[in-house]
Amino acid sequence: MKTLDLGNTPVFSYCETLESGALGQLRNLAHHPIVRHIAVMPDCHSGYGMPIGGVIACEGGVIPNAVGVDIGCGMVAVATTIPKAAAEDLATRRKLLEALKRVVPVGEGRAHKAPQHWEGFDAPRVLPLEELDYRNLGTLGGGNHFMELQSNRSGFLVMMVHTGSRNLGYRICNHYHKEALAYNERHHLALPDKELAFLPEDTALFRDYVTDMTFAMAYAQENRKRIMAAYGEVMAEIFTDDSALREGGINIHHNYAGLERHFGKDYWIHRKGATSAFNGQPGIIPGSMGTSSYIVRGKGNPQSMMSCSHGAGRAMSRTEASKTLTLQQCDAAMEGVVFDRWQRSKRDRNLHDLGEAPQAYKDIDDVIRQQLDCIDVVDCCKPLMCLKG
């Protein structure tokens with residue numbers, strides 16, 4: 001860990017190499033009127049307003065863009081009692097992938113045909129729900145969201161899912177960012193960057209945002225829970241093992257804000273592309289679709305504000321990856337992992353979308369090494385099958 005002098009605010013960085021865009025965003029945060037501490041995770045890269053892989057302590061308010069558009073996005077992992085040997089056959093893994101696509105809508109714009117029922121829809125909220133929100137519950141989404149089959153160090157299969165609040169979180173973030181920007185302009189509040197507009201704690205807008213953010217977090221957690229339940233049913237059918245799932249599992253967020261006590265004071269801790277790592281807390285740090293994922297345990301490091309990275313972090317943008325990588329390179333990096341082959345880019349039909357290829361991400365082992373002050377490694381899971389959104 002190193003301390004960066006970027007402005008008025010302490011910056012503790014666990015990232016050995018910071019790209020210029022992320023560094024500029026950290027400098028803006030270091031001059032923000034309500035930001036009091038900053039921690040930078042080793043998967044850090046630039047985002048909207050605040051870098052992905054950033055953790056900030058805010059006093060007296062929240063910054064919608066410091067939570068991000070996929071509120072409550074996170075991970076769920078469940079170990080099984082099924083030995084890795086049961087999935088050695090590539091055809092079995094392909095059968096699993098195709099079966100998952102039939103029970104879980106996958107990809108942007110893909111939803112259930114009928115509204116889903118959930119008692120949580122009656123929980124407090126401010127912004128109205130849309131019809132799509134009822135059909136999106138239990139769906140994967142697109143981009144870097146995934147369902148993976150992995151094998152752990154003990155030789156058993158592990159199910160892992162990465163997804164969030166879908167279109168609901170996107171709407172909430174955009175709505176409250178616009179409200180925050182208008183509020184800051186009306187009250188002549190100086191901002192280092194308009195993307196970092198904030199809502200003061202003594203306003204109705206602040207209370208409304210926290211209410212809707214909390215709802216989106218619950219929605220995202222239920223989304224992962226439902227996908228994992230469907231995943232377990234498919235596993236039991238394919239491997240004819242009704243005891244496939246172990247009790248429990250890990251279900252965590254990595255885009256959210258919450259009131260926590262750090263450095264002797266209560267702060268609104270924003271974790272954007274970062275997860276909490278309180279002492280003894282279990283966590284998940286996934287790699288890319290062709291590399292290992294790690295099950296970890298937090299150490300409660302105060303300088304990281306008891307946080308760790310949420311994944312490997314991007315080494316190149318989706319566009320850069322699609323323009324510079326080759327199909328041969330990406331196929332080689334995915335050797336031994338069953339997946340749907342690379343699709344054409346939606347932005348440029350002359351290119352394949354290689355934005356999720358392993359080479360587009362940082363080396364997960366380096367990322368883990370850089371934060372061993374924050375976490376202990378509990379298990380390492382190797383990918384066998386990956387279904388991307």
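Predicted model: local features only at pLDDT ≥ 70, side-chain atom pairs only at ≥ 80, totals over all residues.
Start with the helices. Two packed helices are described by the angle between their axes and the distance between the axes. Helix α4 covers residues 166-186, and helix α5 covers residues 204-239. The two pack at an angle of about 165°, and their axes lie 9 Å apart. Angles over 145 degrees count as roughly antiparallel. The pair α4 and α5 is therefore roughly antiparallel. Their crossing is left-handed.

Which residues make the contact? On the α4 side they are R166, L168, I172, Y176 and E179. Helix α5 supplies L205, D208, Y209, D212, F215, A216, Y219 and N223. Sorted by class, this contact has eight nonpolar residues, one polar residue and four charged ones.

R226 pairs with E222, and their closest N and O atoms are 2.8 Å apart. Both residues lie in α5, four residues apart, which is about one turn of the helix. Are the two partners buried or exposed? R226 has 24% relative accessibility, so it counts as partly exposed. E222 is buried, because its relative accessible area is 15% and the cut-off for buried is under 20%.

E59 is partly exposed, at 27% relative accessibility. K265 is partly exposed too, with a relative accessible area of 37%.

Another salt bridge links D376 and K299. Their side chains meet at 3.4 Å, N to O. D376 lies in strand β18 (residues 375-388), while K299 lies in the loop between β15 (293-298) and β16 (307-309), so the pair ties together parts that are 77 residues apart in sequence. D376 has a relative accessible area of 35% and is partly exposed. K299, at 34% relative accessibility, counts as partly exposed.

Terms used:
Residues numbered from 1 in each chain as written. Heavy atoms only, no water. Axes fitted to C-alpha atoms, helices over the stretch in contact; angles between N-to-C directions. Parallel < 35°, antiparallel > 145°, perpendicular 65-115°, else oblique. Left-handed = near helix turned anticlockwise from the far one by under 90°. Contact = heavy atoms within 4.5 Å. Nonpolar A, V, L, I, M, F, W, Y, C, P; charged D, E, K, R; others polar. Buried < 20%, exposed > 50% of the residue type's maximum accessible area, 1.4 Å probe, protein only. Salt bridge = Lys/Arg side-chain N within 4 Å of Asp/Glu carboxyl O.
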